[in-house]
Amino acid sequence: MLNKITVVGAGNVGATVAQRLAEQELARTVVMVDVVEGLPQGKALDQWQSGPIEGFDTRVVGANDYGVAAGSELVVVTAGIARKPGMSRDDLARTNAGIVKQVAQQLKQHCSQAIVVVVSNPLDVMCWVTKQVTGFPRERVIGMAGVLDTARFRAFLADAVRVSVEDIDAMVLGGHGDTMVPLISHTTVSGIPVAQLLDRATLDQIVQRTRDGGAEIVGLLKTGSAFYAPSAAVVQMVEAIVRDKHRLLPCAAWVEGEYGLSGMYVGVPCKLARGGLEQIVEIELAADERAALRKSAEQVNESMAAVKI
Ligand code: APR
């Protein structure tokens, strides 16, 4: 258990993350920070009062400044706005980069030793902004996208094969967007290569639905975007770090030559332990997967170019 974890942004994703962190007692104190007055305080009070029922002693507190967050060992950044109709991807990147920059400046000042898990979108660019502004090493700035994309992929596969989701082992790499790269060549059902159980057309459909996973939910909700699976994905990463599990999970990490890529954030297999990112694991990819990863990285680079820090 850590002493203090802070969640910046007490919206749908942030508040659900806070509740899950408390339920798993991953820290003695969970702090929610948001710019809206009363919002983090109200949600924190409500969550803390679920403790006697759920059986946790974690204290959840809310604030509009970073005083209470000072000294947090881990911070989850969910602050930002959702893409509005008519807004381009680059417009969203610029707006959220401004928000994440402000947050990162505060973290540098008040939580200088924290491991930061970034969730705000566009994810890979927001990770870069956080790393640049805080000056933290790559071990301490990691992005959540791959665990969520992989969870969607596993759910769809389990449904098609008609097996438990627990039996699907898979990984989705690349940038968090339309160019993400589900690794069919490394996907197994209890050790059996998935291509032996599903035909190519079905697999292609599942890959496409995974790529459109976020949009499918936005289309149904009309306002707002997914938050149950995203918050579960964040907490899986946080748990791996807090409990020093050395878990191998797909995360957005700052690459320095791995997979032939450098100077950017992209989804790659990462070992997470108490210090944050312990290692980027390089695995052999099929030729088409390697090409898709490169293409995905190009898109991240274009997005980065649209933003000035
Ligand atoms: N500091 C702190 N909080 C902020 C700031 C800021 N500078 N700017 C905005 N916020 C807060 C908003 O007040 C809001 O409560 O961030 C919260 C965002 O919550 P939602 O709008 O509910 O968005 P959510 O669904 O939680 O998504 C948050 O995660 O998955 C990504 O694409 C998603 O970028 C988005 C982020």
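Reply: Domain bounds come from an automatic or database domain assignment. In this predicted model, that assignment divides the chain into domain 1 (2-143) and domain 2 (146-305).

Me: How do you know how far apart the centres of domain 1 and domain 2 are, and which residues count as contact?

Reply: The centres, taken over C-alpha atoms, are separated by 22 Å. Contact requires heavy atoms within 4.5 Å. By that test, 30 residues from domain 1 and 34 residues from domain 2 take part.

Me: What makes an area between domain 1 and domain 2 count as buried, and how much is there?

Reply: Buried area is the accessible area that two parts lose on being put together, summed over both. For domain 1 and domain 2 the value is about 3,100 Å², with 67% of it on carbon and sulfur atoms.

Me: What describes the packing of α4 and α5?

Reply: Two packed helices are described by the distance between their axes and the angle between them. The axes of α4 (residues 89-110) and α5 (residues 123-134) come within 8 Å and cross at roughly 35°. The crossing of α4 past α5 is right-handed. Among the residues that meet are Ala 93, Val 100 and Ala 104 in α4, and Met 126 and Val 129 in α5. The contact of α4 with α5 comprises 7 nonpolar, 4 polar and 2 charged residues.

Me: Why are β7 and β11 called edges?

Reply: The open sheet has 3 strands in the order β7-β10-β11. β7 (168-169) and β11 (192-193) each have a single partner strand, so one side of each has no neighbour in the sheet.

Me: What makes the bond between Asn 121 and Pro 122 stand out?

Reply: Most peptide bonds are trans. The bond joining Asn 121 and Pro 122 is cis, with omega about -5°. Pro 122 lies in the loop between β5 (115-118) and α5.

Terms used:
Residues numbered from 1 in each chain as written. Predicted model: local features only at pLDDT ≥ 70, side-chain atom pairs only at ≥ 80, totals over all residues. Heavy atoms only, no water. Axes fitted to C-alpha atoms, helices over the stretch in contact; angles between N-to-C directions. Helix = DSSP H or I, 4+ residues; strand = E, 2+ residues; numbered from the N terminus. Left-handed = near helix turned anticlockwise from the far one by under 90°. Nonpolar A, V, L, I, M, F, W, Y, C, P; charged D, E, K, R; others polar. Pairing = 2+ DSSP bridges. Buried area = accessible area lost by both parts, 1.4 Å probe.
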